[in-house]
Amino acid sequence: MDDMLFGTSGIRGIYGKDITEKLACSVAHAFAESNVAIGRDTRSSGQALFHAAASGVLSKGYNTIDLGIVPTPTVALATKKHNIRGIMITASHNPEEYNGLKLLENGKEISKEQEKKITAQMEKEGFSGKWDMHSASMRDDAIIDDHKSLIKKLVDEKSIAKKKPKVIIDCNGAGAAITPYLLSDLGCHVVSINAELQGFNRLPEPTANNLQKTLAIVRATAADFGIAHDGDADRAIIIDETGQLIGLDVQLALAIEQELEHAKNKLILTTVEASLLVRETIERCGGKYEISPVGSTYLSHKLEKANAIFAGEPCGEYIYSKGVPCPDGILVAAKFAQLFADKGHFSNLAKRFKPYPMVREKFACIKKPKADVIEKIKQEISIEGKRNDEDGMRIDEKDGWFLIRASGTEPAIRLTAEYKDKKKLEERAVKLRAIIQSSIL
Ligand code: MG
């Protein structure tokens with residue numbers, strides 16, 4: 001695990017090494033200031049960590065509500081429904097040997113300040129179990145139906161049912177508990193794959209590489225589109241009818257376009273990773289945008305404060321102001337079913353967007369702390385432009401931009417660059433690569 005307990009999105013690491021029952025128990029104990037709802041994804045270590053976390057809550061005198069295997073946004077909904085805190089046991093898109101804890105309150109992951117408080121609390125707090133505590137473990141078996149009902153109100157069921165799209169849903173994790181059922185309810189002809197509620201059938205990150213079989217199934221079955229989740233289904237990646245990913249930036253642009261089409265509120269939130277295509281789409285649709293550091297925690301908190309209609313990151317994590325204030329891959333799935341019903345096949349819709357040449361690279365950073373490396377890189381770079389230092393370093397030039405930042409979940413430095421001209425992109429990439437490589441040594 002990293003030098004800090006919390007990363008970009010909760011606590012994450014290798015099960016048995018970084019993430020142990022002892023840790024889950026003490027985090028849950030420190031976090032419990034009310035009853036706590038606990039959900040988990042399909043990882044084999046989830047059950048043991050669930051009981052450890054539940055024990056941490058119960059031994060403080062609070063009740064637990066066992067949600068079973070549910071997506072992270074369903075836990076978010078449970079925190080609002082019961083007005084209590086929530087814990088999701090997941091390592092999101094990381095491989096199955098990882099696990100972790102996402103801590104939620106008021107429908108979203110807790111803020112960076114709250115994370116610091118929990119860390120401090122853990123250091124000073126021992127276990128405080130008393131013989132006369134009356135804490136109990138309970139269940140909420142209705143939460144999946146509640147989540148489905150919330151989403152059904154945000155789409156036009158009739159228009160989706162009329163089109164009856166054939167959809168391949170690659171669940172591979174907690175999404176198996178809800179997405180196929182929701183889309184069936186909406187009138188889609190659903191074929192779900194990797195839908196066991198135990199372990200994973202493919203690597204949980206929904207990348208083109210990990211989705212090869214899924215893409216082939218979409219093609220072979222002549223489906224109208226496909227959906228693939230990550231391990232905790234706060235993400236959804238969309239596959240067009242030709243069996244290709246629409247692409248992260250085009251997918252985000254389509255989602256933004258859909259939200260801006262009839263909206264009065266035109267404020268969109270996105271992150272320092274926003275592409276030119278996303279910015280151009282927002283402007284073309286008459287929208288405004290604000291930028292935040294990478295990570296759904298920032299977006300969730302900013303969405304409510306800024307009163308934005310939608311917040312999206314290119315990785316497929318979108319927050320809709322009328323849904324839960326946490327990325328909801330199940331709502332994304334329903335929204336794209338709606339988009340299909342309204343506008344037809346996605347390969348056609350995506351064609352209108354011409355992504356600019358882009359570089360996304362990852363550099364292992366093992367010898368030095370990531371923060372020191374980023375500081376060194378900042379000093380080395382002399383490219384002029386509009387600079388944003390909120391999360392790593394982003395420089396916007398007229399004809400493109402680049403971002404160098406520390407990965408929130410891995411010991412790595414990430415480089416993203418996008419320029420209208422391929423030659424300029426290459427030029428910039430060569431220069432920036434060299435600076436990063438010399439700084440990590
Ligand atoms: Mg996730």
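Which residues are exposed on the other side of helix 8? I started my notebook with that one.

**Ground rules.** I'm working with a predicted model, where local features need pLDDT of at least 70, side-chain atom pairs count only at pLDDT 80 or more, and totals for chains, interfaces and linings use all residues. Residues are numbered from 1 along each chain as its sequence is written, and side-chain values use heavy atoms, with hydrogens and water left out.

**Helix 8.** I looked up the buried residues of helix 8 (residues 212–220) and found Thr214, Leu215 and Val218. They cover an arc of only 100° around the axis, so they sit on the same side of helix 8. That arc is taken from the directions from the helix axis to the C-beta atoms. My opening question gets its answer here: Lys213 and Ala220 are exposed on the other side of helix 8. I noted the cut-offs too: buried is under 20% relative accessible area, exposed is over 50%, and partly exposed is in between (1.4 Å probe, protein chains only). Helices (H or I, at least four residues) and strands (E, at least two) are DSSP runs, numbered from the N terminus.

Next I checked what the buried residues of helix 8 pack against, and got strand 8 (166–170), strand 9 (189–193), strand 10 (225–229) and strand 11 (236–239). Ala222 follows helix 8 and has a positive phi, near 50°.

**Strand 8.** I then followed strand 8, where 4 of the 5 residues are buried. Strand 8 pairs with strand 9 in the parallel sense over 5 bridges, and with strand 10, also parallel, over 4 bridges. Pairing here takes at least two bridges found by DSSP between the strands. I picked out two partners: Val167 bridges to Val190 in strand 9, and Asp170 stands opposite Ala228 in strand 10. I also found that strand 8, helix 7 (residues 179–185) and strand 9 form a right-handed β-α-β unit. Right-handed means that, with the strands pointing away from the viewer, the path from the first strand over the helix to the second runs clockwise.

**The metal.** Which residues coordinate the magnesium ion? I found Ser92 (OG), Asp230 (OD), Asp232 (OD) and Asp234 (OD), at 2.0 to 2.2 Å. Donors are N, O and S atoms within 2.8 Å of the metal (3.2 Å for Na, K and Ca), and water is not among the atoms, so sites may look incomplete. In sequence, the donor residues are spaced S-x137-D-x1-D-x1-D. Asp232 and Asp234 are both buried.

**Gly329.** I looked up Gly329 and found it in helix 12, buried with a relative accessible area of 0%. Leaving out residues up to four places away in sequence, Gly329 touches Pro73, His229, Ala233, Asp234, Arg235 and Ala236. Contact means heavy atoms within 4.5 Å.

**The cores.** The largest nonpolar core has 67 residues, and Leu183, Phe310, Phe336 and Phe346 touch the most other members. Helix 12 (residues 329–343) gives the most to this core, with 10 residues. A nonpolar core is a set of buried Ala, Val, Leu, Ile, Met, Phe, Trp, Tyr and Cys residues joined through side-chain atoms within 4.5 Å. I checked Phe336: beyond four places in sequence, its contacts include Phe225, Ile238, Tyr318 and Phe346. Apart from that core lies another, of 27 residues, among them Leu23 and Val27.
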